Amino acid sequence: MRILIVEDEERLADALVRGLTQKGFAADALYDGEKAFNRILVHAQDYDLIVLDLMLPGMSGTEITKAVRERNVIVPILILTAQGDTGQKVDLLLSGADDYMVKPFSFEELSARIQAILRRPAEMLPVELAAGDIRMSLSERTAQIAGKPLSLTLKEFALMEYFLRHPNEVVNREDLLAHVWDFNYDSFSNVVDVHVKNLRKKLLEKGGADILETVRGIGYRLRI
């Protein structure tokens with residue numbers, strides 16, 4: 001899953017990106033409200049969650065939230081704010097935010113709130129995924145095939161999750177790069193091919209069928 005961090009304190013934003021990456025997410029950081037607003041309008045479909053600071057140069061978090069909701073952008077938004085009065089919290093939620101956190105906060109609490117939001121987005125993405133013999137628990141970060149546990153790296157887990165959300169569909173490399181890795185990988189990188197190869201090998205080692213099909217010149221398909 002991919003998260004956009006919008007925070008003008010660059011050290012905090014970069015620390016959040018590092019922490020979320022260690023948790024298995026792909027994460028980008030922006031430090032300006034207006035740039036973030038433009039990114040969200042163009043690339044909203046590339047993100048599963050936006051963590052948005054309230055006080056930003058260019059546009060405030062509240063302005064961004066109201067503006068994107070008016071344009072029917074439904075990606076969940078978690079607001080970071082240094083102000084904790086009840087009236088402002090109510091205003092944030094009424095403007096379209098899904099949750100908020102008051103600074104300072106612990107990274108573990110932020111991570112828990114992100115997990116909670118991602119269990120209840122507008123499209124109600126399930127926390128348990130299954131296709132054929134493959135089962136995944138997103139809340140427990142576990143996977144198995146035909147009842148046998150699969151030991152996956154963070155990126156392999158994210159890849160498998162994306163494939164399970166799009167079974168029998170041809171998924172191109174650009175989509176995988178956008179949802180599992182950072183934008184600084186270009187479309188000619190072989191990072192996707194290497195990780196898919198390793199994922200396929202692990203599936204076969206557990207006795208699974210060769211269900212990860214390479215679609216030449218395009219990408220991959222999970223055949224179920």
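Two strands count as paired if DSSP finds at least two bridges between them; helices (H or I, at least four residues) and strands (E, at least two) are DSSP runs, numbered from the N terminus. The model is predicted, so local features need pLDDT of at least 70 and side-chain atom pairs pLDDT 80 or more, while totals for chains, interfaces and linings use all residues. Residues are numbered from 1 along each chain as its sequence is written, and side-chain values use heavy atoms, with hydrogens and water left out.

**Stop one: the strands.** Select E7 (residues 134-137) and E8, an antiparallel pair joined by four bridges. Here Ile-134 has Ile-145 of E8 as its bridge partner. Look for Ala-143 opposite Leu-150. Two residues lie between the strands of this E8-E9 hairpin, where Ala-146 takes a positive phi near 50°. Turning to the faces of E8 (residues 142-145), you will find Ala-143 and Ile-145 on the covered one, Thr-142 and Gln-144 on the uncovered one.

**Stop two: helix H8.** Select residues 191-205, a run of 15 residues. Just after H8, Gly-207 has a positive phi of about 85°.

**Last stop: Thr-65.** Find this residue in H3 (residues 61-70). Thr-65 is buried, at 0% relative accessible area.

Methods
Buried < 20%, exposed > 50% of the residue type's maximum accessible area, 1.4 Å probe, protein only. Expected span 1.5 Å × (residues − 1).
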